[in-house]
There are 2 protein chains.
Amino acid sequence: MSKPSIPQGTRDFSPEVMSKRKIIFNTIESVYASFGFMPLETPAIENLSTLTGKYGNEGDQLLFKILNNGDYLNGIDLNSEDYKSLLPKIAEKGLRYDLTVPLARYVVMNRHAIQFPFKRYQMQTVWRADRPQKGRYREFWQFDADVLGSESMLCEADFIRIYKTVFKKLGLDAYEIHINHRKLLEAITYKANASELFKSITVAIDKTDKIGVEGVKNELIKLGLNDSQVDTIQSLLIKQPLNKELLIELESKLSDIPIAKEAFADLYDLIDLCGDDASEIILNGNLARGLDYYTGCIFEVIPTSVKLGSISGGGRYDDLTSVFGSKEKIHGIGISFGIDRIYDVMDELNLFSNQVSYFTDVLFCPMDRNAIPYILKSAALLRNSGFKVEIYPSAVKLKKQLDYANYKAIQWAVIIGDDELKNNTVTLKNLVSGKQEQIPKESIEDYMKSN
Amino acid sequence: MSKPSIPQGTRDFSPEVMSKRKIIFNTIESVYASFGFMPLETPAIENLSTLTGKYGNEGDQLLFKILNNGDYLNGIDLNSEDYKSLLPKIAEKGLRYDLTVPLARYVVMNRHAIQFPFKRYQMQTVWRADRPQKGRYREFWQFDADVLGSESMLCEADFIRIYKTVFKKLGLDAYEIHINHRKLLEAITYKANASELFKSITVAIDKTDKIGVEGVKNELIKLGLNDSQVDTIQSLLIKQPLNKELLIELESKLSDIPIAKEAFADLYDLIDLCGDDASEIILNGNLARGLDYYTGCIFEVIPTSVKLGSISGGGRYDDLTSVFGSKEKIHGIGISFGIDRIYDVMDELNLFSNQVSYFTDVLFCPMDRNAIPYILKSAALLRNSGFKVEIYPSAVKLKKQLDYANYKAIQWAVIIGDDELKNNTVTLKNLVSGKQEQIPKESIEDYMKSN
């Protein structure tokens, strides 16, 4: 029998890795909840009619399709089929590709029960049949939050606050929050008399980090813009800390463009509604992601001490549900955290060591079978006080038990041999400092707290 | 465009339902962790070579298979294929069917990095293409814990303690923990000279709850047992609280059967290692689940105030990994909680109302756009103190804002109009009692705590 394996692009998460991932999950979840977001879960399996056509042609290729059960070929004349025509006949279901389309589907199906603003968070796995490569997986987690049915810039401001709170709790302080506004980009292309090329221009601009300002200039010229147009655009694509002075200056350069007014009104509003949290936001004219979908503010969070690309992104959109034939235009704003990237950044910066351990705090080490009943109550009391407590399940040699403690990075060993049994004591050993002491059985918790 | 739907046997979990499910998830997870279990996650997608043949023929039928991506028919001569022969050529991957086979696969692949006893918990979705019916889903959660590599009965005793702790925290007190021992069943069939029918006999016995003692008697007679054999078996299948006196009496009736000694040694040990937690365990001779796999103690937890079948089960096994060709016989013990059943029991008994709410505690209601910046700091302070806090994102009519608070079952509304802005106050309203009062802006937290 050959050794088992897992499919390309999927991963096992060992206890050590999971305990770190859980720190990220739990932190984001608790922060989302503290801002009034509510949990939602949708099935991993969706009808292909729900998923197909929502992610472009390339996305349709990347959907994992589930073979119908039973005799899936029943009634099909194979002679007249190729793999494309056969597909919808033998596979009616597929795996979730993101969390946005399921949200839209959920809202359309449950519109009667939903009251706006609807604030939901969702942390679930998604699947994409991408070619596996370093840092790109076929099965991975998304952790989204969206507010539906509110146009208030308080939503944007709250997401800024959520970023700051999450990364502060994770101990990750070297990052920048970049924002841009679709209407600012529209105003800039309008100013350069190049509105009809909006889409191609923003695709070029979005490559600034990769190919540099000169590279973007070449791309814009290839699109047919003249030097003056390119200069107009590039001189307006600033990347500076967001504040009112900056906006006033930029606004003066675009004062003749009507749509600019809407962008600036939003940005002034954002500064006001962020309050003290407005500092550290960078207005980045080159941020031009997701413009097929985003209609207002766009967000991106970039770690600055590790080169790894963005660790979160999002934006405002004005139509979530028309893909499902809904006549009501549901607008909203959402962000998504990149769990794998955040993990990599924190691991590289050794930030997990500052977080509370997920593993056992105290290992009771019985040197004798009779020591186990002797310590049951002590173990239960410590658990009641919130400690994670194990009793080594058999009275093997102490070295073996301490090896186990070491393997699980357990701080405290409580050793019980004949002497301790006789004297109603335990020997408490701090496995970090190496210090050990025989103390009364009742004093374990007090001793640990004061040592 | 037709209204979207979700596949049969799958579910959306609304925020209201999710918030209750999370109470169950978090409780079980924190209890598992408090006993030193560590989290593990494995991919949803496994190779079909890993899954096939592990769950019997019926199980193989119930696996969800994933169609290969791209031109999955490339190189296949469809004329010589039927749906069974074509299947392994067009689908190489499938969805996880349970959490035990992935655990075994993980252990075989990572044996070098694992130190025994290996205590892992795993909470993930599994998929089965069962015919959907009430209470049976095609996508559902399992929440397992296993200890590998220890034969100590402390593992069994710890699982008893885990049951008691979990259900106490959930407020679910009307339940029984049933245990049995495979070797006791073997001893009983041996005593009745019917060892060769062990499997069929235990299948019949396991139906006692459904068809009654008389029904089981008829089944045993159909198997070819005579009245005396049936009497011997049924007289030894007791269902009584587990204690030493009961064991002594039962042991005396099986004193001539060697394998009975092993069962009784385990059960005496269990009582000793449970300590005070041994009360409330029922020795149930009719519990005969999973005997293809279990080799020692078997567990089942039955709610007693709601007729819903078991809410958890488990048992000891002596060979996890030989299905993957491992020569090392890895023994262990595991349990699994039935999340959907626990949810149904708690919902029926209205036990969720005693649990902490997952939703917003405080809603700030601005009567004026200027009220929003005025209260940003207060909202941040409350969040820092652990409250879940929302600011209604626009200054719409108070009635609309309070409707929203009502929809989310929010207890506190903090109302800010012209008067409050002028006086540096807020109006705090308890939406449960209806009482409201104008207080200084700094006193919100103190007021909530004392009212």
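## A:Pro39 and its sheet

In this predicted model, A:Pro39 sits opposite A:Tyr121, a residue of β5(A). The two strands involved, β1(A) and β5 (residues 118-127) of chain A, run in the parallel sense and are paired over 2 bridges. As background, strands in a sheet pair up through hydrogen bonds between their backbones, in either a parallel or an antiparallel way.

Now for the wider picture. In chain A, 9 strands make up an open sheet with mixed pairing, and the order reads β1-β5-β6-β12-β11-β10-β7-β9-β8. Which strands stand at the edges? They are β1 (38-39) and β8 (239-241) of chain A; each has a single partner strand, so one side of each has no neighbour in the sheet.

## A helix across the strands

Helix α12 (residues 258-274) of chain A lies across β7 (175-181), β9 (281-284) and β10 (294-303) of that chain. Against β7(A), this helix runs at about 145°.

Let's go to helix α1 (residues 15-34) of chain A, where you'll find A:Ser34. Is A:Ser34 buried or exposed? Its relative accessibility is 12%, so it counts as buried, the cut-off for that being under 20%.

What is A:Ser34 in contact with, once its neighbours within four places in sequence are left aside? The answer is a set of chain B residues: B:Arg383, B:Phe387, B:Lys388 and B:Val389. As for A:Ile257, its C-alpha is 40 Å from that of A:Ser34, and 223 residues separate the two in sequence.

## How the two chains relate

Take chain B, rotate it by 180° with 0.0 Å of shift along the axis, and it superposes on chain A with an RMSD of 0.0 Å. That's the relation of a two-fold axis. Which C-alpha of chain B is nearest the axis? It belongs to B:Ile66 and lies 2.2 Å from the axis.

The copies meet through the same surface, because 99% of the interface residues of chain B are interface residues in chain A as well.

## Salt bridges

Side chains with opposite charges can pair when their charged atoms come close. How many salt bridges are there over all chains? The count is 58.

One of them joins the side chains of A:Lys20 and A:Asp347, at 3.3 Å from N to O. This pair ties together distant parts of the chain: A:Lys20 belongs to helix α1 of chain A and A:Asp347 to helix α13 (residues 339-348) of chain A, 327 residues apart. A:Lys20 is buried, at 19% relative accessible area, while A:Asp347 is partly exposed, at 36%.

Over in chain B, B:Asp347 and B:Lys20 form a salt bridge too, with their closest N and O atoms 3.3 Å apart. Here the link runs between helix α13 (residues 339-348) and helix α1 (residues 15-34) of chain B, across 327 residues. B:Asp347 is partly exposed at 37% relative accessibility, and B:Lys20 is buried at 19%.

Another salt bridge brings B:Lys408 and B:Glu390 together, with 2.7 Å between the closest N and O atoms. B:Lys408 is in the loop between α15 (398-407) and β15 (412-416) of chain B, whereas B:Glu390 is in strand β14 (residues 389-391), 18 residues apart. B:Lys408 is buried, with a relative accessible area of 2%, and B:Glu390 is buried at 2% as well. Finally, back in chain A, salt bridges with shared partners join A:Arg11, A:Arg21 and A:Asp340 into one network.

Note on methods: Residues are numbered from 1 along each chain as its sequence is written. Chains are lettered from A and ligands numbered from 1 in the order in which they are written. This is a predicted model: local features need pLDDT of at least 70, side-chain atom pairs count only at pLDDT 80 or more; totals for chains, interfaces and linings use all residues. Side-chain values use heavy atoms; hydrogens and water are left out. Helices (H or I, at least four residues) and strands (E, at least two) are DSSP runs, numbered from the N terminus. Buried means under 20% relative accessible area, exposed over 50%, partly exposed in between (1.4 Å probe, protein chains only). Contact means heavy atoms within 4.5 Å. A salt bridge is a side-chain nitrogen of Lys or Arg within 4 Å of a carboxyl oxygen of Asp or Glu. Copies are superposed by least squares on the C-alpha atoms of residues with pLDDT of at least 70 in both. Two strands pair if DSSP finds at least two bridges between them. Axes are lines fitted to C-alpha atoms, for helices over the stretch in contact, and angles run from 0 to 180 degrees between N-to-C directions.
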